[in-house]
Amino acid sequence: MKIDFASSKQSTLGVEWELALVDGTSGELASVANEVLRGVASKHPELRDDEEHPHIKQELLLNTVELVTGICQTPAEAKEDLNRSLSAVREITDPMGVEVFSAGSHPFSPPQLQPVTDKERYAKLIDRTQWWGRQMVIYGVHVHVGLDHRDKALPVVDGLVNYFPHFQALSASSPFWSGEDTGYASHRALMFQQLPTAGLPFQFATWNDYESYVQDMFTTGVIDSISEIRWDIRPVPALGTVEMRICDGLATLEEVGAIAALTQCLVDEFSGVLDDGGTIPTMPPWHIQENKWRAARYGLDAIIILDAKGTEQLVTDHLMETLNRLEPTAAKLGCSAELSDVESIIRRGAGYQRQRRVAQENNGNLQSVVLDLVQQMRKGPTA
């Protein structure tokens, strides 16, 4: 199988932000996505009856909408794009008494009671995955970064895998599941990998090896579309990008911008290394798997493995070293302010830490956690 990699300008950016729809009073999930999407489309008479808004999309569950940017040059531009879409959603949800938030999971609404969007591909997914598929009441942030050559895609994926625990720890925001504290910073990370073809990517030496893998997946009926390869980090040949899909849902535009900037800077740095004839180091799969588990379990307190020799360091310490190293790259790309917001997440605490703090302050009341997330999206991060 030959897979073409689309032409893309190096280090351009696209962001996808999944939002939960909730009752503004109770904080329970509200399965009103169809009404919201129809309302948004009604404001745009140029759209056909069956046509979605280009930046506001349907998702697996009826309690979810996804905001999708166009092709952006900077995280600041991506944030502006997302904010326009968020405002368009609020035009419809505010009169309905519906609020939106983003986190890796909803703290207490029962997953098994959440209706699935009536589309064939979603029905097929649930039929195949059964109980695990019905548990996928999870929300994430995906960041695409453009690459100017196909042969950079797989080495850049490998490079981003080395930073898997950094992204997981910064974004971890799913400590609660169906009313219970799981003990994990990101329950979503371990839930999502139960789907076929989800989880950590494989490592391939050449693009031909990747093409052979994809052909095997089609031949054996594992996938019907290349988009059904749901790795945490993956090449997207149709767009000419690599897509970083690690992150739990992020509560604020500031945090989305921070994660987008860190992703963009790392990809640009890796691209420069390859342009100069260098190579990007990899780690054995057992180290990578352990890093994923540690970051999901311990979040910003995770001690992570940095290289094939087994060197270890606290993830926040290595993040600070990484931010300092990337400062010139951020200046070149015009995202210095957004990259500095990564340090703000570390200082303020990741989503899972803030959620637990709110729950503790309210005697374990998880409704207060949801309402706090709603306010964070409206007003910005809490201290």
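Modeller: A residue is called buried when its relative accessible area is under 20%. Exposed means over 50%, and partly exposed is in between. This is a predicted model, and both Asp 248 and Arg 188 are buried.

Colleague: What makes the contact of Asp 248 with Arg 188 a salt bridge?

Modeller: The closest N and O atoms of Asp 248 and Arg 188 are 3.3 Å apart. The cut-off is within 4 Å, from a side-chain nitrogen of Lys or Arg to a carboxyl oxygen of Asp or Glu. So 3.3 Å qualifies. The partners are 60 residues apart: Asp 248 sits in the loop between strand E9 and H8, Arg 188 in helix H6.

Colleague: How many salt bridges does this rule give?

Modeller: The count comes to 21. Arg 90, Asp 94, Glu 99 and Arg 378 are linked in a network of them.

Colleague: Why is the pair of Lys 124 and Asp 224 called a salt bridge?

Modeller: Their side chains come to 1.8 Å, N to O. The rule asks for a distance within 4 Å, so the pair counts. It links distant parts of the chain, 100 residues apart. Lys 124 is in helix H3, while Asp 224 is in the loop between helix H7 and strand E8.

Colleague: Is Lys 124 called buried, exposed or partly exposed, and what value decides it?

Modeller: Its relative accessible area is 46%. That falls between the 20% and 50% limits, so Lys 124 is partly exposed.

Colleague: What else does Asp 224 touch, beyond its sequence neighbours?

Modeller: Leaving out residues up to four places away in sequence, Asp 224 touches Lys 124 and Phe 218. Leu 300, by comparison, is 38 Å from Asp 224 in space, C-alpha to C-alpha, and 76 residues away in sequence.

Colleague: What do Arg 325 and Glu 269 tie together?

Modeller: Their side chains meet in a salt bridge at 2.8 Å, N to O. Arg 325 lies in helix H10 and Glu 269 in helix H8, so the pair ties together parts 56 residues apart in sequence. Arg 325 has a relative accessible area of 36% and is therefore partly exposed.

Colleague: H10 also packs on H11. Why is that pair called roughly antiparallel?

Modeller: The angle between H10 and H11 is about 170 degrees, with their axes 9 Å apart. Angles over 145 degrees count as roughly antiparallel. So H10 is roughly antiparallel to H11.

Colleague: Which residues make the contact of H10 with H11, and of what class are they?

Modeller: From H10, the residues include Leu 319, Met 320, Leu 323 and Leu 326. From H11, they include Leu 339, Val 342 and Ile 346. By class, the contact has nine nonpolar, two polar and two charged residues.

Colleague: How do you know whether His 166 is buried or exposed?

Modeller: His 166, found in helix H5, has 1% relative accessibility, so it counts as buried. His 166 touches Ile 304, Val 315, His 318 and Leu 319, not counting residues up to four places away in sequence.

Colleague: What makes helix H4 mostly covered?

Modeller: Nine of its ten residues are buried. Among them are Leu 154, Val 157, Asp 158 and Asn 162. The buried residues of H4 pack against H5, H7, E8, E9, H8 and H9.

Colleague: How do you know that the buried residues of H12 lie on the same side?

Modeller: Gly 351, Tyr 352, Arg 354, Gln 355, Val 358 and Ala 359 are the buried ones. They cover an arc of only 165 degrees around the axis, which puts them on the same side of H12. Gln 360 and Glu 361, on the other side, are exposed. The packing partners of the buried residues include helix H5, strand E6 and helix H13.

Notes:
Residues are numbered from 1 along each chain as its sequence is written. This is a predicted model: local features need pLDDT of at least 70, side-chain atom pairs count only at pLDDT 80 or more; totals for chains, interfaces and linings use all residues. Side-chain values use heavy atoms; hydrogens and water are left out. Buried means under 20% relative accessible area, exposed over 50%, partly exposed in between (1.4 Å probe, protein chains only). Helices (H or I, at least four residues) and strands (E, at least two) are DSSP runs, numbered from the N terminus. The arc is that of the directions from the helix axis to the C-beta atoms. Contact means heavy atoms within 4.5 Å. Axes are lines fitted to C-alpha atoms, for helices over the stretch in contact, and angles run from 0 to 180 degrees between N-to-C directions. Angles under 35 degrees count as roughly parallel, over 145 as roughly antiparallel, 65 to 115 as roughly perpendicular and the rest as oblique. Ala, Val, Leu, Ile, Met, Phe, Trp, Tyr, Cys and Pro count as nonpolar, Asp, Glu, Lys and Arg as charged, and the others, Gly among them, as polar.
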